[in-house]
Protein chains: 2
Amino acid sequence: MATFSLNVLGCGSAKPTPEHMPSCSVLNVRDSLYMIDCGEGAQLGLRRKGLKLNRLNHIFLTHLHGDHVFGLPGLLGTMGLMGREGHITIHTFESGIRMLKEIIGYFCSDMPYEIRFNAIKAERAVIYEDVRLRIRTIPLKHRVPCVGYVFEEQPKPRHLDMAAVNFHGVPRSMYSAIKSGESFQKENGLIIPASALTKPPTPSYSYAHIGDTSYIPAIADEIGPVDLLYHESTYLTQHEADAKKRGHSTARQAAMMARDCGAKQLLLGHYSSRYKDDCLFAAEAREVFPNVISAREGLTVNVG
Amino acid sequence: MATFSLNVLGCGSAKPTPEHMPSCSVLNVRDSLYMIDCGEGAQLGLRRKGLKLNRLNHIFLTHLHGDHVFGLPGLLGTMGLMGREGHITIHTFESGIRMLKEIIGYFCSDMPYEIRFNAIKAERAVIYEDVRLRIRTIPLKHRVPCVGYVFEEQPKPRHLDMAAVNFHGVPRSMYSAIKSGESFQKENGLIIPASALTKPPTPSYSYAHIGDTSYIPAIADEIGPVDLLYHESTYLTQHEADAKKRGHSTARQAAMMARDCGAKQLLLGHYSSRYKDDCLFAAEAREVFPNVISAREGLTVNVG
């Protein structure tokens, strides 16, 4: 069972096709769900994947175009009907918060749970942090204000090397301190560094969600060497001019970003309906970067 | 090819299930489409049924609960992306118009077509009429203001009986007048009534859409002997108290309405997710009224 995985619920672009749903992805970090964008039908996608509504506490909107938002009222309403309790936080721009509050006030008043908002800006910022995750925004270049999100698991404590711990006679009361990096002083005065008493921690994984956007080479360093990079690839290189004009990227540009930020894997998506074969995107991207995954509805990418 | 048919795009109730989409129906009258309610996923249902967006000029909302409305922004946005021209009219209550205008203003500004609104009230009224159809509202009894809609084809002209027309020597210039009911005076003074020169017209069909509502026996006469009656049947008789409390009806009550208004066929729908087998609704209804159809997504009922 993966502890860090991404579920694709919708990977089409704005114009619907029989093949693709509008944008929605769900990051699963140790059974906590983080939704990125909420296109129409998102609640259907969750249901089909068996992802539990009460595990979803955060929804991050990249921007306020309908194909990234229109699933939200239905999802919020359904959560109420299912008797959800506690609270959910929607992270978006101030103008979206005003609009969503009006829609929720009209259609989803009297919910048994609380809907909170976190106002974000189109800037570099850490917008959320807890013991498990750190989430930061990267401003993108679309026709309206838009951000990418980078999800980074917090560093985890090292594991005790029980053979070394027993050999040096570390008392149980010090296990936690040792895992956090403290050294151990033996009765004879000898200091044993934590590195000699522990093994490397379980890896901390990372996911960057970059879209909708024109290609911005300069953000590669900000994204960093993530384990999985989603970068929108609405077009193929043959339509690069259209991509630039519409605030989108080509599959080749997505691959260049994966190569330049040092990503381990690249996930493509947000396919324009003008192409009949999604495989063309991956084929184009692989000319630049080898480890490419084509998004499709229902796909789960297990990162770790 | 039917000239009057009803397409079921969604027949679930508010709480989604893997089997049912939220409320949406589309009446097809000689290739003009009239949508009744627009639950989330309506545009998906249209696409799956091959119903063309540019044939849809009117959307009628029964009431302003999310499961009857949340598909509207996506549908309107998609129409814009598809380059639709002309105008579409949304028929709903004043408060809904205000809300929808805000949503449209925010998410669907700059559409290449015009979105018009027709303010209706929860009262008996003819709300729309053209050469083809007459549409009237019937106030229903739900938790919020709600109306049913009766769609009646206008009476059609009688067909010429060409044998009689030729026998009496009716000139071609009088054909239209004869079809409209004028009599014909022969040169010898003899008057031939239109009924002797014509055959009965193509039938004019009718459809009534009644839901969401508690059972209101008194509206049977207002509905009249329609060719097809949709009457919501959210519950079975065993939960009649819940139905009344929540402003809904049972399958048995829907059947009583069909019997009492003189409908030819009854279409059931808006099934509560608490029942595992939709066939239970039809079975209960058939104890009262024989000609029952169970709604399911994608069903087309050909009336004429």
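Predicted model: local features only at pLDDT ≥ 70, side-chain atom pairs only at ≥ 80, totals over all residues.
Modeller: Residues are numbered from 1 along each chain as its sequence is written, chains are lettered from A and ligands numbered from 1 in the order in which they are written, and side-chain values use heavy atoms, with hydrogens and water left out.

Colleague: How do you know that the same surface serves both copies?

Modeller: Contact means heavy atoms within 4.5 Å, and 100% of the contact residues of chain A recur in chain B.

Colleague: What does the secondary structure of chain A come to?

Modeller: Chain A has 10 helices and 18 strands. Those are DSSP runs numbered from the N terminus: helices are H or I with at least four residues, strands E with at least two.

Colleague: Why is α9(A) called oblique to α10(A)?

Modeller: The axes of α9 (residues 251-261) and α10 (residues 279-286) of chain A cross at roughly 45° and come within 8 Å. Angles under 35 degrees count as roughly parallel, over 145 as roughly antiparallel, 65 to 115 as roughly perpendicular and the rest as oblique. So α9(A) is oblique to α10(A). The axes are lines fitted to C-alpha atoms, for helices over the stretch in contact, with angles from 0 to 180 degrees between N-to-C directions.

Colleague: Which residues make that contact?

Modeller: A:A251, A:R252 and A:A255 come from α9(A), and A:F281, A:E284 and A:A285 from α10(A). They divide into four nonpolar, no polar and two charged. Ala, Val, Leu, Ile, Met, Phe, Trp, Tyr, Cys and Pro count as nonpolar, Asp, Glu, Lys and Arg as charged, and the others, Gly among them, as polar.

Colleague: Why is B:T17 called buried?

Modeller: Buried means under 20% relative accessible area, exposed over 50%, and partly exposed in between (1.4 Å probe, protein chains only). B:T17 has 11%, so it is buried. This residue sits in the loop between β1 (4-10) and β2 (24-29) of chain B. Leaving aside neighbours within four places in sequence, B:T17 touches A:R47 and B:S273.

Colleague: What makes A:R30 partly exposed?

Modeller: Its relative accessible area is 34%, so A:R30 falls in the partly exposed class. A:R30 also has a positive phi of about 50° although it is not a glycine, and is found in the loop between β2 and β3 of chain A.

Colleague: Is B:H270 buried or exposed?

Modeller: At 2% relative accessibility, B:H270 counts as buried. B:H270 is another non-glycine with a positive phi, about 65°, and lies in the loop between β16 (265-269) and α10 (279-286) of chain B.

Colleague: How do you know that the peptide bond from A:G211 to A:D212 is cis?

Modeller: Its omega is near 0°. A:D212 lies in the loop between β14 (206-210) and α7 (220-223) of chain A. In chain B, the bond from B:G211 to B:D212 is cis, with omega near 0°.
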